[in-house]
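Here are my notes after a pass through the model. Have the backbone torsions and the helix geometry open while you read.

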Amino acid sequence: MIREKLVKGFKDGIVVPEGLIAHGRGEAFDYLIGEKTIPIAEKAEKAAAAYLLKAKNPVISVNGNTAALVKDDIIKLSRIVPAKIEVNLFHRTDERIKKIVEMFGRVNILGKKPDSKIPGIEHFRGLCCKEGIFSADVVLVMLEDGDRVKALADMNKTVIAVDLSPLSRTALTANVTVVDNVTRALKNIIKFCEKLKNNKAEIEETIKKFDNKGNIDEALKYISKRLEDLVVV
Ligand code: PTJ
């Protein structure tokens, strides 16, 4: 079903060919973690919810793959936080931006008229909106390019990344790395937002306790142990 959604997105001009390749890479890591949310991902999802709820101007960044796969969950999450949504494409064309904005129907989406630039990122790839990503304190990115995550971190933003590869530059640069499939991750982040909303003490405690580097190490250990357990001697 996930593949079919992406293929349809590709045929409709929402997903780029590179998005299909990226998905294949993600699937390989998903097999390695057993195609389920592993405990360390759940920890990161709770931290992601805490950071989003604490933020003053949180923004959810949307690309072709995430529009095709998890549009409804993005809308749900944006309402519960509440957070702005901005279409921000790596392979940017006005036509794709327009199509993705249209997919979201009446929901207010930024990105159509960029008026700012992420410093250090090549012109088209760095375009963004002043009231959205440019001024955001917390940005949620999913299936994102490493350079852009580094550029956002250099702007002192807290970056939450959903990326199935714990080895990607995105995963290693983000402040909160969620090693999970975006199709499961958003649902879990929504669940934690519902739980943490109005509980300031638990939000603070979750952020204080979260150790991203330790969490990524645990993800690698989990994969390694799983492979060892799968070996039939
Ligand atoms: O729509 P655009 O123009 O913004 O382009 C989007 C892509 C995805 C093509 C672009 O951002 C890109 O090239 O991304 P990368 O650098 O290929 O990184 C994608 C990362 O997402 C890889 O580390 C994959 O393992 C991971 N990934 C792929 N599918 C999923 C995933 N992570 C979570 N859930 C998935 N379903």
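1. Thr-66 is buried, at 0% relative accessible area (buried is under 20%, exposed over 50%, partly exposed in between, with a 1.4 Å probe and protein chains only). Thr-66 belongs to helix α4 (helices are DSSP runs of H or I of at least four residues, strands are E runs of at least two, and both are numbered from the N terminus).

2. Before going on, the ground rules: this is a predicted model, where local features need pLDDT of at least 70 and side-chain atom pairs count only at pLDDT 80 or more, while totals for chains, interfaces and linings use all residues. Numbering runs from 1 along each chain as its sequence is written, and side-chain values use heavy atoms, with hydrogens and water left out.

3. Look at the start of α4, where a side-chain oxygen of Asn-63 comes within 3.2 Å of the backbone nitrogen of Asn-65. The backbone nitrogen of Asn-63, in turn, sits 2.9 Å from a polar side-chain atom of Thr-66. A polar contact here is a pair of N or O atoms within 3.5 Å; within protein, one must be able to donate a hydrogen and the other to accept it, and residues adjacent in sequence count only if both atoms are side-chain atoms.

4. What share of α4 is buried? The count is 13 of its 17 residues, so the helix is mostly covered.

5. Does the length of α4 (residues 64–80) agree or disagree with expectation? Its 17 residues should span 24 Å at 1.5 Å a residue, and the end C-alpha atoms are 23 Å apart, which agrees. The expected span is 1.5 Å times one less than the number of residues.

6. Next, the packing partner. The axes of α4 and α5 (residues 94–103) come within 11 Å and cross at roughly 15° (axes are lines fitted to C-alpha atoms, for helices over the stretch in contact, with angles from 0 to 180 degrees between N-to-C directions). The pair is therefore roughly parallel, that is, under 35 degrees.

7. Pro-82 lies in the loop between α4 and β2 (84–87).

8. Which non-glycine residues have positive phi? One is Glu-35, at about 50°, in the loop between α2 (17–33) and α3 (39–54); Glu-35 is partly exposed at 49%. Another is Asn-156, near 65°, in the loop between α7 (146–154) and β6 (158–162); Asn-156 is exposed at 70%.

Technical notes. Angles under 35 degrees count as roughly parallel, over 145 as roughly antiparallel, 65 to 115 as roughly perpendicular and the rest as oblique.
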